[in-house]
Amino acid sequence: MKKVNQILIVGGGTAGWLTAAFLAKHLASQRDYGIQIRLVESPEIGIIGVGEGSFPSIRGTLAAIGIDEARFIRECHATFKQGIRFDHWVRPPQSAGSQHYFHPFSQPSQRTGTPELLPYWLHGAAGKGIPFAQAVSMQKFIADHGRGPKRASDSDYLGPMNYAYHFDAGRFATLLAEHAKSLGVKHLLGNVDQVQLHEDGGIRSVHTKEQGALQADLYIDCTGFRARLIGETLQSDFKSVSDVLFVDRALAVQVPYATPQTAIPSYTISSAHEAGWTWDIGLQNRRGIGYVYSSRHSSDERAEQILRQYVGSATAEIQPRKLELKLGYRPQAWIKNCVAVGLSGGFLEPLESSGVGLIETAAYLLAYLFPFDGEFEASAKHFNHLMSQRYDRIVDFIKLHYCLSQRQDSAFWRDNTDATSIPTSLIEKLAMWRSRPPSRLDFITDLEMYPPSSWQYVLYGMEYATQLHPSALDTNKLVLVQQEFQNIANFSQRALSDLPEHRALVEYYCQKGQNTTNSKKTFSYGRVMA
Ligand code: FAD
């Protein structure tokens, strides 16, 4: 077996550069042993440039590759994301009942000596009509009141609330590129137009007219939906999930704020519509808005109408960008000496920002399973198993948002709630949760992207009815638990004076490090502190 010394990443979007930076950091000491990482990207094909919402795992990844938080926020026009607000997912607009629910990133509170609050919330101990997310965590209240998840005095990537970010995808790829190059990754411009194979079916070299033939021991395909190596060349099967998740088109626009002081929500707003849903993401200087819809349930013209109605007059001059989506993944994302990371390996709709999270997982796994000795087979098998399992579980989690809807006002919703479109694995989970709530033991956490609390927030946000057996509660603890619900409400109020207004927190981070006079000590939240 030939040792792996030369790594060639093909593609320079988020997947390519994040993998490059992660491997460069992880293999730093290996450079002395001759391991070299090169990244070649086409000068003709742009990056996809969407993907502005993230999951809290991104903080650990940025810290691991060595980018400081202020630089990331400043250069990527980033804002904080504390969760997602889902509007009109349970029932259509104008119908009686709650019109939105919140999926916060912070776990339900559980203090030492108090039992898990969820069963007691199901029992009604938090008070009538108090949503689960509000009863068990301060985060919804904090986000509703326009506060950020942390204080200026908190260390990089840490804060009292769990959080992720919204960011400009193009700027993120640029930052990652600069950083990866500073870690020793060599950057080449070249369009891969031919691929030569070894006799065993692995890749021998790729050819570009700009750089000629490029040879490596390990190739990482980050060519986006094109999947130039793993798909076009190695013909790895694509497992479509379009029978479960129906959306296959997106229209995206960027909308400027009315004024530079416009408040920025620290959460994504996801609104359900007749044939899909819109994302609404607030960056520092603009909103990113998109309508993701099913072409089986809507014409493109009708979709554009929905998007324009949602945005209002601000879109009059803006032409939406149209994207075709292929939902699914490659169960064999690693074949011989070629591994696919990013859109080339798979894509699920961006409802819960799984795209970048899956890139993080793949980069982490690849670094961990790195086949130094050139023995690919066992690592590839393990990688493919773990990634496939993860995709399947994300499909279940996303379907959970649709299949519990009470909406029957369009074919899209009727089809989405039809039992034949729900995977058996999800049906089985829902059956168990009829008589008890989801718990840690329902999940193999290393295979899940979303923690049990995310499942709980969505399940009860969608108003799922769990008929808890009375024996599941310790009635002696009712008073203690009611006190705990009250404490959470009280602490939420107090947090308003402790946490800064969101835009002010973002501005603090933009100034931090730019100008030393604007240090932590001298910065004032000014207009924004409660
Ligand atoms: P790309 O950005 O497409 O990069 C491909 C690269 O390959 C480019 O550099 C190109 O030049 C290069 N290339 C292609 N062919 C060749 C060739 N022959 N030779 C050399 N180079 C080549 N993810 C999230 O986490 N959160 C979100 O909110 C989110 N929203 C999304 C919304 C939509 C509508 C879509 C479509 C995706 C969304 N995603 C989201 C997913 C996210 O955008 C991607 O996971 C992420 O941008 C990674 O893309 P990539 O690097 O795999 O591909």
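## Close-up views of a predicted model

**Figure 1. Overall dimensions of the protein.** Along its principal axes, the C-alpha trace of the protein spans about 70 × 60 × 55 Å, and its secondary structure comes to 16 helices and 21 strands. Of the 530 residues, 57% count as buried. When contacts between residues at least 6 apart in sequence are considered, 77% of them join residues that are at least 24 apart.

**Figure 2. The crossing of helices α1 and α7.** Helix α1, which covers residues 14-26, and helix α7, which covers residues 169-182, have axes that come within 9 Å and cross at roughly 30°. Because angles under 35 degrees count as roughly parallel, α1 and α7 are described as roughly parallel to each other. The crossing in which α1 passes α7 is left-handed. On the side of α1 the contact is made by T14, W17, L18, A20 and A21, while α7 contributes A169, F172, A173, L176, A177, H179, A180 and K181. By residue class, the contact of α1 with α7 divides into 10 nonpolar, 2 polar and 1 charged.

Figure 3. I359 lies in helix α10, which is formed by residues 354-368. With a relative accessible area of 7%, I359 falls under the 20% limit and is therefore buried. Once the neighbours within four places in sequence are left aside, the residues in contact with I359 are T14, A15, L18, T19, V341 and G342. Two of these partners, T14 and L18, also take part in the contact that α1 makes with α7. I359 and A164 are 195 residues apart in sequence, and their C-alpha atoms are 15 Å apart in space.

**Figure 4. F238 in the loop between α8 and β12.** F238 is found in the loop that runs between α8 (228-233) and β12 (239-240). Its relative accessibility is 27%, so F238 counts as partly exposed. Leaving aside neighbours within four places in sequence, F238 is in contact with K326, L327, G328, Y329 and R330. The C-alpha atoms of F238 and A133, residues that are 105 apart in sequence, are 37 Å apart in space.

**Figure 5. H382 in helix α11.** H382 is found in helix α11, which covers residues 377-403. At 40% relative accessibility, H382 counts as partly exposed. Between the C-alpha atoms of H382 and H145 there is a separation of 45 Å, the two residues being 237 apart along the chain.

Figure 6. The buried residues of α16 are H502, R503, A504, L505, V506, Y508, Y509 and C510. Among the elements that cover these buried residues are α3 (69-75) and β3 (79-81).

Technical notes: Residues are numbered from 1 along each chain as its sequence is written. This is a predicted model: local features need pLDDT of at least 70, side-chain atom pairs count only at pLDDT 80 or more; totals for chains, interfaces and linings use all residues. Side-chain values use heavy atoms; hydrogens and water are left out. Helices (H or I, at least four residues) and strands (E, at least two) are DSSP runs, numbered from the N terminus. Buried means under 20% relative accessible area, exposed over 50%, partly exposed in between (1.4 Å probe, protein chains only). Contact means heavy atoms within 4.5 Å. Axes are lines fitted to C-alpha atoms, for helices over the stretch in contact, and angles run from 0 to 180 degrees between N-to-C directions. Angles under 35 degrees count as roughly parallel, over 145 as roughly antiparallel, 65 to 115 as roughly perpendicular and the rest as oblique. A crossing is left-handed if the near helix is turned anticlockwise from the far one by less than a right angle, and right-handed if clockwise. Ala, Val, Leu, Ile, Met, Phe, Trp, Tyr, Cys and Pro count as nonpolar, Asp, Glu, Lys and Arg as charged, and the others, Gly among them, as polar.
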